[in-house]
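Dear colleague,

I am passing this structure on to you, and I would be glad if you could look it over before reading the notes that follow it.

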Amino acid sequence: MAALNSIACRKPIVKSQSFPDFSPILPSTRLSHKTSSNLLKLNPKNRRNWVIQSVTEDKELAPKKNSHSHEPKKLLFPNGSKTLEASSSEVGGGHGDGGDGHDDVEKLSSRAINASIVLGFGTLAVSKLLTIDHDYWHGWTLYEVLRYVPQHNWIAYEQALKANPVIAKMAISGIVYSIGDWIAQCYEGKPLFDFDRTRMFRSGLVGFTLHGSLSHYYYQFCEALFPSDDWWVVPAKVIFDQTVWAAIWNSIYFVILGFFRFESSANIYKELKATFWPMLTAGWKLWPFAHVITYGVIPIEQRLLWVDCVELIWVTILSTYSNEKSEARITEPTMDADSNSSNNPPEE
């Protein structure tokens, strides 16, 4: 029993083995288990040098990431395209501000030209009307000058009609059609001096070259066609005017404006076909009432002047219809192309 107690109380003697300290850096994954076990046999200095060399080799074997690679990056955009379709303001790297400034300068210059045209012609017209009696102003008061201005201008107009009726009516129609188109552009929402000069010139040119001369001969033809003074003549002239003559003149107006815009014959025919009936019926809301006065009260020599005054309203409607159809026809292919490009992205 004593022997057993002595054996149980005796502690086992375990020989401890001390290891020198070493860095906790793990060896490279390229090393085998044998190499790792041999690492423990190295002295501290050699072991440190071996670890540094192993890490250096790992860095050399790792793929290099070149942040300054010359290979173009392939970007994907919302439409699925890999190509950047940048606007002119983005391509130049800041040149867009300069483009906007250039556009602002062009708009300001265009408005200045338009203002000069309006103010120049307006001043000329008013001065001509007010100075009709400047040769006889000596001793006149301001009241006398303003009193005789309307009367003497009317006398001058009648003299011009007798001297050269076609040229006088052409000039009146050209002025009326130009002003009517300007009113139409303002009605469409454009500022007063931000109108399209080319469009206004086209409309005025149609009025000068065609409406004045054709209307002069048309009213003479209408009088020869209905020579009677019976009660039914005025309604007959109004019906003839709003069917035959209105259809002819509206067609001429749209066709000539289309040629002035350098449109093809197919586009002009398409536009005329789309607007012919709406324009004819729109005229029936205005002209039958005006032409009761035209054929029942106004003398034949003064009819075009009265009609031109009413046409300040009618040309506004005509010009608005014509340019709306033309702009809609121009924008339709662009909208279709944009929709097709968005629905069919380019292949990768």
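A cavity here is a set of points, on a 1 Å grid over the protein atoms alone, where a 1.4 Å probe fits but cannot get out, while a pocket is an open set with protein on both sides within 12 Å along at least five of seven lines, and lining residues have an atom within 4 Å of a point. Grid points are joined across faces, edges and corners, and a volume is the space filled by probe spheres set on the points.

Please keep in mind that this is a predicted model, in which local features need pLDDT of at least 70 and side-chain atom pairs count only at pLDDT 80 or more, whereas totals for chains, interfaces and linings use all residues. Residues are numbered from 1 along each chain as its sequence is written, and side-chain values use heavy atoms, with hydrogens and water left out.

The largest pocket holds about 1100 Å³ of space, and of the 32 residues that line it, Ala125, Ala171, Ile175, Val176 and Ile179 lie nearest its centre. Helix 7 supplies the largest share of that lining, nine residues, and the lining as a whole divides into 25 nonpolar, five polar and two charged residues.

Helix 7 (residues 165-187) also meets helix 6 (residues 142-163), their axes coming within 5 Å and crossing at roughly 125°. The contact (heavy atoms within 4.5 Å) involves residues including Tyr157 and Leu161 of helix 6 and Pro165 and Ile172 of helix 7.

Finally, there are six salt bridges, each being a side-chain nitrogen of Lys or Arg within 4 Å of a carboxyl oxygen of Asp or Glu. In one of them Arg199 pairs with Asp181, the closest N and O atoms being 3.1 Å apart. Because Arg199 lies in helix 8 and Asp181 in helix 7, this pair ties together parts that are 18 residues apart in sequence.

With best wishes

How values were computed
Axes fitted to C-alpha atoms, helices over the stretch in contact; angles between N-to-C directions. Helix = DSSP H or I, 4+ residues; strand = E, 2+ residues; numbered from the N terminus. Nonpolar A, V, L, I, M, F, W, Y, C, P; charged D, E, K, R; others polar.
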